[in-house]
Amino acid sequence: MKENKKSIVLPNYRVLPLKDLVVFPSMVVPLIVGRRSSLDTIEAAMENEKLLFLVAQKDALKDDVSPADLYRFGVVGRILQLVRLPNGLVKLLIEGVAGGKVNRYHVNKKQLKASLNILEPVYESKDEDEAKKRQLVSLFKDYIKLNEDIPEEILFSFNQLSEMSKITDFVSTYLDISIEEKQNILQKLAVNDRVNTLLKIIKKENGILGIKSNLDDQVRDQMVKSQRNFYLQEQLRVIRDELGEDDPLNMDAGDLKKKIEKAQMPKAAMEKAMEEYNRFERIPSMSPESGVVRTYLEWMTDVPWHKETEDEYDISKVQAILDEDHFGLKKPKERIVEYIATLKRVKKIKGSILCLIGPPGVGKTSLGKSIARAISREYVRISLGGISDEAEIRGHRRTYIGAMPGKIIQAMKRVGTLNPVFLLDEIDKLGSDFRGDPASALLEVLDPEQNSHFIDHYLEVEYDLSRVLFVLTANSKSDIPYALYDRLEVIELPGYHDEEKKQIALSYILRKALKNHGLTDSELHISEPAIRKIISGYTAEAGVRNLEREINKICRKVVVELTKDESLKAVSVTKKSLNKFLGEAFYTLNPIIGQGEKGVALGLAWTSYGGDVLPIEVNLLPGKDKITLTGNLGDVMQESAQIAITYLRSKAKKYKIEQDFYTRYEIHIHLPEGAIPKEGPSAGITLTTAILSALSNKPFPKHLAMTGEITLRGKVLEIGGLNEKLLAARRVGIKQVILPEDNRKDLSEIDKELYRGIELLFVRIYDEVFKIVFN
């Protein structure tokens, strides 16, 4: 459309504001009018020329409008019919005559009026425009067919139109788009612009309506299918009744009832099961709820409620089985035998829960299996590593789709008895997040005062776990939540020393590997020196897992050789030929260890994977009052370095070092293998000694290592992980180890074979360390 410059300005056009409606020229629309000001405007128009200026409000919620609340473009309309309704409203039939643009709004005799410029449509017909016209007509017809809210009868009126401007007015009126979009179309000055805009809008609307239509068809098809299935099921039921046959679903229901009665549940559980069974009988078999209730009843009947195995508490047999399954581990075996002997006396498990703590590969999980075999109980294991959802322990409530019991009830169903040995593996690897804390859920499971009334969220009835013998395993006790740790009877499993590993390899691992690879003793022989070389050069662990892996690798290569060369009857693996099967040794002695350098001291460290020797290097550089710490040190270890320097400053005269060393030197402390995080206070005396060695220019003794926390007054405090630290010292050939005096009592718990050949030197204060190291 374009403005008609020759049009007459009509200053007194009465304005009728419209809510949520844009009227287009040449369209006839019905209106219901109720506002007092609008009714007065209509009365005045009826007395004169019956013409009104119809314009949309910007805010449809406003009743009292001002010129600022109205758009500037609208349509001059003629009242064709007026009907007064009983409730005081007026119904109008009004026809759009021509578009108009407001020059100015003004109020005259309390009525809103406007002076206008009448706008005439401009249309230039070209081949391209004709093509767009046909496309618009076709798309609008598709829109009518897809939109169920618009009757198809309007197509009769639409087909009578030939002028492009009237076609665009018609399409704009019936499109389900916002007032802003319709107003934008009305304001277009050229019909071709209107057509382009309408094509974009109607293509988008048709796409949306097409998707909706497909979804409606899918829902309708599903409903038809469900009704058809129901009809066929009913027909099948009637036919079976006529033939006198039983309904399989009723037979299943009967079987379920028999299983419920046979399960010998406690009274509360039986009442719950029968309540659900009665509901199951009333639910139509095709209902999804039927399957949910059936699954619940199957769980209730499959979980053991009364079945138990008879325990055997023959202590000699227990000891024999533990010795047969595990080499060494003297102290842990003693503790387990004591525990089972007590169990024989009291019959009921009311004490603490066994928890086996030690590095990987020392036999924690297999010890649990041996305990079950020793007392003739069933064995079941679940791994808790990585579990961070409380529902994994307590189960999901049945309101959730796919709900099921927690791992505890699942394991009880799997084992089938009320009194198994239940191994909870990797208890220190539990997580927690927004879904809850599994460790807190385990408190109820493991507490003997509570677990006779354990409630799984899925079963919703009490289940007795008091007859279960729980055994837990962990690599590190520091990672076990305190509330849980407080309920545990901890048995620490030390790592194996090299002699024990050799015996385990020859007596257990090699036999198992030969059997698994289809080899005989005559086909493969591995010499003792070769086994020792594997232990020292190809594994660096507290357990024997990597040792087993290397022996399996040798077996696989031997199998290949025997298969390729049928004339070859046997293979012997010696220390010299070992690299042919395993390649070059992975692990060699750290070149720093055993050198006796100045500014270097050897400490002993504990990790969850065993012990290690920890060299500490110190360099003095020209500078002032600066300490540099490298090697990925934690906060506590950095504090230990600060304490060491402060202590040496206070004792500089006694140890014959420069009293102002901290003002003359920059001290750089480094712990090699910087990719590995290091933490803890037990390197305190080692840090002090390394700094003192650098300041006094005295070498650190060869084959000496130490561990202990130091205070600002020079006291040497107790440390943990003594077993693993001594094992690491023995592995690298350390001859003397300095230990805190408070750790002397721990030797009674450690196998003497572990520190055979090592002189243990116990100290209370750092002065004693100084005398030993720099005598």
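This is a predicted model: local features need pLDDT of at least 70, side-chain atom pairs count only at pLDDT 80 or more; totals for chains, interfaces and linings use all residues.

**Entry 1: a sheet and its helices**

My labels are DSSP runs numbered from the N terminus: helices are H or I with at least four residues, strands are E with at least two. Next I looked at how E9 is joined to strand E10 (residues 421-425): five bridges link them, and they run parallel. Two strands pair if DSSP finds at least two bridges between them.

Which order do the strands of the open sheet have? I read E9-E10-E13-E8-E14, five strands with parallel pairing. Strand E9 (379-383) and strand E14 (488-492) are at the edges with a single partner strand each, so one side of each has no neighbour in the sheet. Neighbouring strands here are turned by 25° against each other on average, direction ignored.

Then I checked what lies on the sheet. Helix H12 (residues 364-374) lies across strand E8 (353-357), E9, E10 and strand E13 (469-474), and runs at about 170° to E10. Helix H15 (residues 438-446) also packs on the sheet, where it touches E8, E10 and E13, and its direction makes about 145° with that of E13. (Contact means heavy atoms within 4.5 Å; axes are lines fitted to C-alpha atoms, for helices over the stretch in contact, and angles run from 0 to 180 degrees between N-to-C directions.)

**Entry 2: H10 and H11**

Two packed helices are described by the angle between their axes and the distance between the axes. For helix H10 (residues 315-325) and helix H11 (residues 330-346), I found axes that come within 10 Å and cross at roughly 150°. H10 and H11 are therefore roughly antiparallel to each other. (Under 35 degrees counts as roughly parallel, over 145 as roughly antiparallel, 65 to 115 as roughly perpendicular, and the rest as oblique.)

Which residues make the contact? From H10 I listed Ile315, Val318, Gln319, Leu322 and Asp323, and from H11 Lys333, Ile336, Val337, Ile340 and Ala341. By class, this contact of H10 with H11 has seven nonpolar, one polar and two charged residues. (Ala, Val, Leu, Ile, Met, Phe, Trp, Tyr, Cys and Pro count as nonpolar, Asp, Glu, Lys and Arg as charged, and the others, Gly among them, as polar.)

Helix H17 (residues 498-516) and H18 pack at an angle of about 120°, with their axes 10 Å apart. That makes H17 oblique to H18. Among the contact residues I noted Lys501 and Leu506 of H17, and Ile531 and Arg532 of H18. The contact of H17 with H18 divides into four nonpolar, no polar and six charged residues.

I then followed helix H18 (residues 528-538) to helix H19 (residues 545-564): their axes come within 10 Å and cross at roughly 125°. H18 and H19 are therefore oblique to each other. Ile531, Ile534, Ile535 and Tyr538 of H18 meet Leu547, Glu550, Ile551 and Ile554 of H19. Here I counted seven nonpolar, no polar and one charged.

**Entry 3: the whole chain**

Last, I stepped back: the chain has 25 helices and 25 strands. Its C-alpha trace spans about 125 × 95 × 65 Å along the principal axes.

Notes: Residues are numbered from 1 along each chain as its sequence is written. Side-chain values use heavy atoms; hydrogens and water are left out.
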